[in-house]
Amino acid sequence: EEKISGGAIVVESVKDGQTLALASYPTYDLDTFFSDYTDLSNDPDNPLFNRATMGTYNPGSVFKMVTAYAGLSAGIIDENTTVYDTGVYTKYPDYQPACWIYHTTGGGHGTVNLNRAIGVSCNYYFYSLGDSLGIDALTNAAEKFGFGKSTGIEIGDASGVVASWEYKNEVIGEQWYGADTLITAIGQGYSMFT
């Protein structure tokens with residue numbers, strides 16, 4: 001049995017984005033906080049770290065909505081634009097990522113439009129779209145949604161990182177590659193948000 005060492009849940013209003021509830025695990029008992037403080041501060045699972053507001057993580061496939069928005073806004077795609085998912089994106093000879101379905105079926109989703117690509121979470125479609133857009137368009141779209149900025153929640157938060165060639169070049173000290181754009185389009189890589 002695998003031990004879960006940490007997690008977070010945030011519930012927001014769909015009407016206005018107001019935080020309704022948030023929780024971070026592991027937690028502690030407020031009644032014994034002061035007497036337990038030394039143990040809590042030495043706990044390797046770090047119960048004093050608020051994962052809901054201070055932890056930054058790759059957003060994963062939910063970021064595909066940002067990629068879709070960027071493609072629609074740029075006029076690169078519309079709801080009828082199709083891509084044929086063979087299973088492996090082969091444009092770059094040195095990096096050929098596979099759609100998640102490839103590892104189970106040995107193939108892809110076939111012909112997919114935007115609605116189907118979202119419905120089946122088709123990595124290939126979003127690799128292709130992200131590659132067509134380029135990292136600057138993905139970065140701009142993420143920033144329009146407020147990614148990489150503080151939420152303004154009263155208890156404080158981490159602003160996170162929007163993946164960009166500037167971030168990789170200036171902060172990490174490495175060159176940006178096409179592969180970085182592909183993985184950014186599906187919410188992996190250097191994008192890290194609360």
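**A guided reading of a predicted model**

Guide: Ala142 is found in helix 6 (residues 135–144), a helix being a DSSP run of H or I with at least four residues, numbered from the N terminus. This is a predicted model, in which local features need pLDDT of at least 70 and side-chain atom pairs count only at pLDDT 80 or more, while totals for chains, interfaces and linings use all residues. Residues are numbered from 1 along each chain as its sequence is written, and side-chain values use heavy atoms, with hydrogens and water left out.

Visitor: Why is Ala142 called buried?

Guide: The relative accessible area of Ala142 is 1%. Buried means under 20%, exposed over 50% and partly exposed in between, with a 1.4 Å probe and protein chains only; Ala142 is therefore buried.

Visitor: Which residues is Ala142 in contact with, leaving aside its neighbours within four places in sequence?

Guide: They are Phe63, Val66, Phe147 and Val162; contact means heavy atoms within 4.5 Å.

Visitor: What makes Tyr28 and Phe33 a tilted aromatic pair?

Guide: Rings of Phe, Tyr and Trp (its six-membered ring) pair if their centres lie within 6.5 Å; planes under 30 degrees apart count as stacked, over 60 as edge-to-face and the rest as tilted. A search of the whole structure finds twelve aromatic pairs. For Tyr28 and Phe33, the values are 5.2 Å centre to centre and 40° between the planes, so the pair is tilted.

Visitor: Why is the pair of Phe33 and Tyr37 called edge-to-face?

Guide: Their centres are 5.6 Å apart and their planes are at 70°, so the pair is edge-to-face. Phe33 and Tyr37 are four residues apart in helix 1 (residues 33–42), and therefore separated by about one helical turn.

Visitor: Are Phe33 and Tyr37 buried or partly exposed?

Guide: Phe33, at 19% relative accessibility, counts as buried, whereas Tyr37, at 41%, counts as partly exposed. Tyr28 is also partly exposed, at 32%.

Visitor: How do you know which residues line the largest pocket?

Guide: On a 1 Å grid over the protein atoms alone, where a 1.4 Å probe fits, a pocket is an open set of points with protein on both sides within 12 Å along at least five of seven lines; lining residues have an atom within 4 Å of a point. The largest pocket holds about 870 Å³ of space. Of its 31 lining residues, the closest to the centre are Glu12, Phe147, Thr151, Phe193 and Thr194.

Terms used: Grid points are joined across faces, edges and corners, and a volume is the space filled by probe spheres set on the points. Helices (H or I, at least four residues) and strands (E, at least two) are DSSP runs, numbered from the N terminus.
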